[in-house]
Structure formats: structure tokens, C-alpha cells
Amino acid sequence: MRELTVLRGRDIELFIDDKPLFGVTSFSAKEKTTYHNVHEFLSSAPVDRVAQGTEYEIKLKIMAMFTAQISAERAFDLRLSADGEEFTYCGCRAISVERETQGNKNAESIFILTADSLVRRVTDDGQ
């Protein structure tokens, strides 16, 4: 499992279907590969593991006034642009939304998204 975490917001840009995403205070994404165990006949120990596919779990914290930007009804693409690279998470769906309000902090919504695939490309080759 690999994880991408963004620590400083000034260094990145986030887009949902080519529209800028505002009010993001935290972003992290994890790659999860699921496996199927292959067993021999009459054996309890697996002989091999076959990869079934990769799914991506994305956690976004967004200031409460900007939560309408993320659709809970339809799939969308989420693009992150940082330091000459672009990460596009395709087929994102919101699976969980939590509201977080504490006395002296900003009201935030925490979105847990799943994505079907990731496309990574270099946008600036340093020349």
C-alpha cells in the first residue's frame, strides 16, 4: 500500500472535472491492492496470491462552506497538480462524509472517496 499525502496547500492545485476545488485543508490518498489466495486441493496453506485489482482511497478535509463542490450522487475525476506532475484519480465516488465542528476551529467536512484508477503524468520536464 502506497500513500500520497499533501502537507502544504500552496504547492498544489486540485480540480474536479477541470473545475478548481477550493477550501481543501488536507488531502491524502492510499493505493490498496486486493489479492485472491490460490490453494492446492486439500491444502490449507495458500500456494500463490493473485492480484485482483487496485483501488484508491482518498481522504479530503474541506472547509464546510465549500462542501457543495463534491457530488455525492455521481462519479467524477479528481486531478492533483504539484511540482510538474499530475495525478488524476478516475471514477471517484463519495462513500462517507463526516462533519467536524469544534469550538475554536473551522467547521470542516471530511470526505472519504474511492477511485477506480490513477493516471500519473509529468507536466514539466525541468527544461
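**Figure 1. Aromatic pairs of the predicted model.** Rings of Phe, Tyr and Trp (its six-membered ring) are taken to pair if their centres lie within 6.5 Å; planes under 30 degrees apart count as stacked, over 60 as edge-to-face and the rest as tilted. By this rule, two aromatic pairs are counted. Phe-27 and Tyr-89 make a tilted pair, with 6.4 Å from centre to centre and 50 degrees between the planes. Because Phe-27 belongs to strand E4 (residues 24-39) and Tyr-89 to strand E7 (residues 85-100), this pair ties together parts that are 62 residues apart in sequence. Strands (E, at least two residues) and helices (H or I, at least four) are DSSP runs, numbered from the N terminus. Phe-27 and Tyr-89 are both buried; buried means under 20% relative accessible area, exposed over 50%, and partly exposed in between (1.4 Å probe, protein chains only). Tyr-56 and Tyr-89 form an edge-to-face pair, at 5.9 Å centre to centre and 70 degrees between the planes. This pair links distant parts of the chain, as Tyr-56 lies in strand E5 (residues 46-63) and Tyr-89 in strand E7, 33 residues apart. Tyr-56 counts as buried at 10% relative accessibility, and Tyr-89 counts as buried at 3%. Through these ring pairs, Phe-27, Tyr-56 and Tyr-89 are linked into a cluster.

The structure is a predicted model, in which local features need pLDDT of at least 70 and side-chain atom pairs count only at pLDDT 80 or more, while totals for chains, interfaces and linings use all residues. Residues are numbered from 1 along each chain as its sequence is written, and side-chain values use heavy atoms, with hydrogens and water left out.

**Figure 2. Arginine charges over aromatic rings.** A charge is said to sit over a ring if NZ of Lys or CZ of Arg is within 6 Å of the ring centre and within 35 degrees of the ring normal. Arg-49 lies over the face of Tyr-35, 4.3 Å from the ring centre. Over the ring of Phe-15 sits the charged end of Arg-79, at 4.2 Å from the ring centre.

**Figure 3. Salt bridges of the chain.** Side chains of opposite charge can pair when their charged atoms come close. Here a salt bridge is a side-chain nitrogen of Lys or Arg within 4 Å of a carboxyl oxygen of Asp or Glu. Eight salt bridges are found in the whole structure. In one of them, the side chains of Asp-17 and Arg-74 meet at 3.1 Å, N to O. Distant parts of the chain are linked by this pair: Asp-17 is in the loop between strand E2 (12-16) and strand E3 (19-20), and Arg-74 is in the loop between E5 and strand E6 (76-82), 57 residues apart. Asp-17 counts as partly exposed at 34% relative accessibility, and Arg-74 is partly exposed with a relative accessible area of 45%. A salt bridge also joins Arg-93 to Asp-116, whose closest N and O atoms are 3.2 Å apart. Arg-93 lies in strand E7 and Asp-116 in the loop between strand E8 (108-115) and strand E9 (117-122), so that the pair links distant parts of the chain, 23 residues apart. Arg-93 is partly exposed, with a relative accessible area of 31%, and Asp-116 counts as partly exposed at 46% relative accessibility.

**Figure 4. Strand E6 and its partners.** Strand E6 is mostly covered, with six of its seven residues buried. Two strands pair if DSSP finds at least two bridges between them. E2 and E6 run antiparallel and are joined by five bridges; Ile-16 stands opposite Leu-78 in E6. E6 and E7 also run antiparallel, joined by six bridges. The bridge partner of Arg-79 is Thr-88 in E7. A hairpin is formed by E6 and E7 with two residues between them, and Asp-83 in the turn has a positive phi of about 50 degrees.

**Figure 5. The whole chain.** The protein chain contains zero helices and nine strands. Of its 127 residues, 31% count as buried. Among contacts (heavy atoms within 4.5 Å) between residues at least 6 apart in sequence, 62% join residues at least 24 apart.
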